[in-house]
Amino acid sequence: DGVDADIDLWVAAPGDRSVGYSNKAGVVFNLLRDDLGKAQDVTDYNYEIAYSRGMPAGEYVANVHMYRGVGVTYPVEVKLVASMKADPQDQAKQLVSTTVRLRHENDQVTAFRFRLDSQGHLVQDSINSLYKELRVATK
């Protein structure tokens, strides 16, 4: 918060294409907020949100990408949280949370990867941060 940086969230669901600023919708995920830093923003809060319309079994991936930073001091720390709720009446349950560091403009980091089983449960020992390219450049 308070940093003039356009840090983009990229997510991917099993069998679906990557979702982020240049591809805002897939079969499973939608990017609901693309934060541009201080540009076109009336607050100092920086955040992006992706929402899924289901929880198919398989691997989920979340990346962050330093698109642009104006006068930022590197590294820039970014917190990511993945939560889910099986029923709209339920409270969201946090699956995984981490903080990553972006070290320069155009840096892309895989914050986490995890698997869900066919009942929507987190597969034990499936969380990792092995890099996987998700960003789809604007054409």
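The model is predicted: I read local features only at pLDDT of at least 70 and side-chain atom pairs only at pLDDT 80 or more, while totals for chains, interfaces and linings use all residues. Residues are numbered from 1 along each chain as its sequence is written, and side-chain values use heavy atoms, with hydrogens and water left out.

Tyr45 counts as exposed because its relative accessible area is 52% (buried is under 20%, exposed over 50%, partly exposed in between, with a 1.4 Å probe and protein chains only). I then noted that Leu32, Tyr45, Tyr47, Ile49 and Tyr51 make a nonpolar surface patch of about 570 Å². Patch residues have over 30% relative accessible area and no salt bridge; like charges are joined within 9 Å, and nonpolar side chains (Val, Leu, Ile, Met, Phe, Trp, Tyr) within 5 Å. The areas come from the Shrake-Rupley method with a 1.4 Å probe, and for residues only the protein chains shown count as cover.

**Confidence**

I recorded a mean pLDDT of 90 for the chain, with 95% of its residues at 70 or more; pLDDT is the predictor's confidence in each residue, from 0 to 100. Confidence is lowest in S2, at a mean of 91, and highest in S7, at 97.

**Asp34**

I placed Asp34 in the loop between strand S2 (29-33) and strand S3 (49-52). Asp34 is partly exposed, at 27% relative accessible area. Leaving out residues up to four places away in sequence, Asp34 touches Asp6, Asp8, Tyr21, Lys24 and Glu48 (contact means heavy atoms within 4.5 Å). Asp6 stands 28 residues from Asp34 in sequence, with 8.7 Å between their C-alpha atoms.

**Salt bridges**

I counted four salt bridges, taking a side-chain nitrogen of Lys or Arg within 4 Å of a carboxyl oxygen of Asp or Glu. One of them joins the side chains of Asp4 and Arg68 at 3.7 Å, N to O. Asp4 lies in the segment before strand S1 (5-12) and Arg68 in strand S4, 64 residues apart. Asp4 is buried at 19%, whereas Arg68 is partly exposed at 24%.

Glu77 pairs with Arg101, the closest N and O atoms being 3.2 Å apart. Glu77 is in strand S5 and Arg101 in strand S6, so this pair ties together parts 24 residues apart in sequence.

Lys132 and Glu59 meet at 4.0 Å, N to O. Because Lys132 lies in the segment after S7 and Glu59 in strand S4, the pair ties together parts 73 residues apart in sequence.

**Arg113**

I found Arg113 in strand S7 (residues 108-116), buried at a relative accessible area of 14%. Its side chain reaches the backbone oxygen of Leu130 at 3.1 Å. Contacts of Arg113 beyond four places in sequence include Glu59, Tyr60, Ser126 and Lys132.

**Backbone geometry**

I noted a cis peptide bond between Tyr74 and Pro75, with omega about 0°. Pro75 is in the loop between strand S4 (58-69) and strand S5 (76-84). Most peptide bonds are trans, and most residues other than glycine have a negative phi.

Asn106, not a glycine, has a positive phi of about 75°; Asn106 lies in the loop between strand S6 (93-102) and S7. Asp125 also has a positive phi, near 65°, and is found in the segment after S7. Asn106 is partly exposed at 49%, whereas Asp125 is exposed at 75%.

Definitions and conventions:
Helix = DSSP H or I, 4+ residues; strand = E, 2+ residues; numbered from the N terminus. Polar contact = N/O pair within 3.5 Å; in protein donor to acceptor, adjacent residues only side chain to side chain.
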